[in-house]
Amino acid sequence: MKKIGIFAIALLAAMGAKAQDGVEDGRYGQGADSVKKCLESISIYTEYVKTNNYKDAYENGWKYVFENHPLAQYATYTNGVKILRALYKEETDADKKAQYSEELMYVYERRLKFLDDLNKIVQNPTPRYEVLGLYAHDYLTVNPKPELQKAYTMLREAVDAGKENTLYYVLADLMKVSQQRLKSKKDDDAVREAFLQDYLDCSTYIIPVIEAQTNEKVKEAAEKTKENIDAYFINSGAATCDDLQAIYGPKIEDNKDDLEYLTKVVTLMSMLDCKSSDAYFAAAEYAHAISPTAKTAKSLGALYLSKREDTDKALEFYEQAATLEEDPEAVSDIYYTIAVLWNSKKSIDKCRQYLNKAIQANSKNGNAYILLAQLYASKWEWSGDPVKDKCAFFAVLDKLDTAKRVDSDPAVQKRANELIATYKEHLPASSDLFMLSIKSGDKMEIKGWINETTTIR
């Protein structure tokens, strides 16, 4: 027998008289002899593990400690995984291979069983979801005949608990197994819906997993996993808008008060660009009703405009967005959008009303001044005198000059300059103004729809 190691001697000394008197110790056994054998076995097999001599580690200590002293040390389980993985990989005999596989699975089962007690004897406890994920991973890889449903159940539980802390390859495992389930049960709507949820979760959680990596090799592997997750989804055949409509359409009404469910539908259908689907619209509206924000209101407004060409409904949601938004510049942009929509409906009074609201919220909104100038240009006839009527274009130029002065956006500057060049062509001739005793620098009240004072120049 090998000489007992320093580790074992230290533990024996610490235990003192209790061990010698045979006092029960749940970790190392009962009585001095049992404790001595346990500690000696740990010392011997640990040295073998250090030199990657897993066969001798298995036969000379580890198996004894695992079977007889399950709470002796946390490393019994982590070392056990190393040992049995290596033996499984090196073994060529099918029966022997199966034995090692079964033993490895048992290591995980025992570790889960005693996890709370084991976590008490280490500084950094391991969460159950991590152990479960490792178990599922090895169940799939170090196992000649894994059961699909068992693997899926473990993986789903691990991901549900771990979320963004899940091991990256566990996320890949879940998607792989979920796709296999889908292929085996193509006509099962519940399996297909579960697959979609699996993708939604895995594709969401893998992002923070990647961001959290400090090891470049691990980060690269996690990024590759993200690609694999997307590939499983794309190649699944369950990614059409019609499929999603068929799955979620009938269920939206029953879940109209379930924000989590509605958000899932909206997110998934957005990812697949299924925003024209009835299910998407219904889910988005119900979700907005439960938890209204400026963002969701704007999104719904844009959707009704682009997908349904329903301007009235779009206006309804943009109005909500303006009420919910707190940032003045964002409020101004929303009011400008509303003004554009009213202009499309040929309601220039409403358009002007909202342009003024946009300017009131943000006096540097150049686009609002430009559209206001265009409205003025469309209502230039006001007096019955063609020369005076053309003086309305001085008011038009006032708005365009203001747009250039307050908004440094290159696109605003360019558009304002283009319109200035166009509308200058409509200004009255100096000779015509002279005949009416109107000269440069004079103030003129442009009445009619414009109803504003400008300066002749």
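Good morning. An axis, in what follows, is a line fitted to C-alpha atoms, for helices over the stretch in contact, and an angle between two axes runs from 0 to 180 degrees between N-to-C directions. The model before you is a predicted one.

Let me begin with a pair of helices. Two packed helices are described by the angle between their axes and the distance between the axes. Here, helix α10, residues 189–212, packs with helix α12, residues 241–248, at an angle of about 115°, and their axes are 11 Å apart. How are α10 and α12 oriented to each other? Angles of 65 to 115 degrees count as roughly perpendicular, and therefore α10 and α12 are roughly perpendicular to each other. The crossing in which α10 passes α12 is left-handed.

Which residues meet in this contact? From α10 come Arg192, Glu193 and Leu196, and these meet Asp243, Leu244, Ile247 and Tyr248 of α12.

The link between cysteine 241 and cysteine 274 is left-handed, with -85° about the S-S bond.

Cysteine 274, with a relative accessible area of 1%, is buried. Two further cysteines deserve mention: cysteine 38 is buried at a relative accessible area of 0%, and cysteine 391 counts as buried at 0% relative accessibility.

Lysine 163 is not a glycine, although it has a positive phi of about 50°. Lysine 163 is found in the loop between α8 (148–162) and α9 (168–184), and with a relative accessible area of 37% it is partly exposed. Glutamate 309, likewise not a glycine, has a positive phi of about 55°. Where does glutamate 309 lie? Its place is the loop between α15 (294–306) and α16 (311–324). Because exposed means over 50% relative accessible area, glutamate 309 counts as exposed at 68% relative accessibility.

Thank you for your attention.

Technical notes. Residues are numbered from 1 along each chain as its sequence is written. This is a predicted model: local features need pLDDT of at least 70, side-chain atom pairs count only at pLDDT 80 or more; totals for chains, interfaces and linings use all residues. Side-chain values use heavy atoms; hydrogens and water are left out. Helices (H or I, at least four residues) and strands (E, at least two) are DSSP runs, numbered from the N terminus. Angles under 35 degrees count as roughly parallel, over 145 as roughly antiparallel, 65 to 115 as roughly perpendicular and the rest as oblique. A crossing is left-handed if the near helix is turned anticlockwise from the far one by less than a right angle, and right-handed if clockwise. Contact means heavy atoms within 4.5 Å. A disulfide is a pair of cysteine sulfur atoms within 2.5 Å. Buried means under 20% relative accessible area, exposed over 50%, partly exposed in between (1.4 Å probe, protein chains only).
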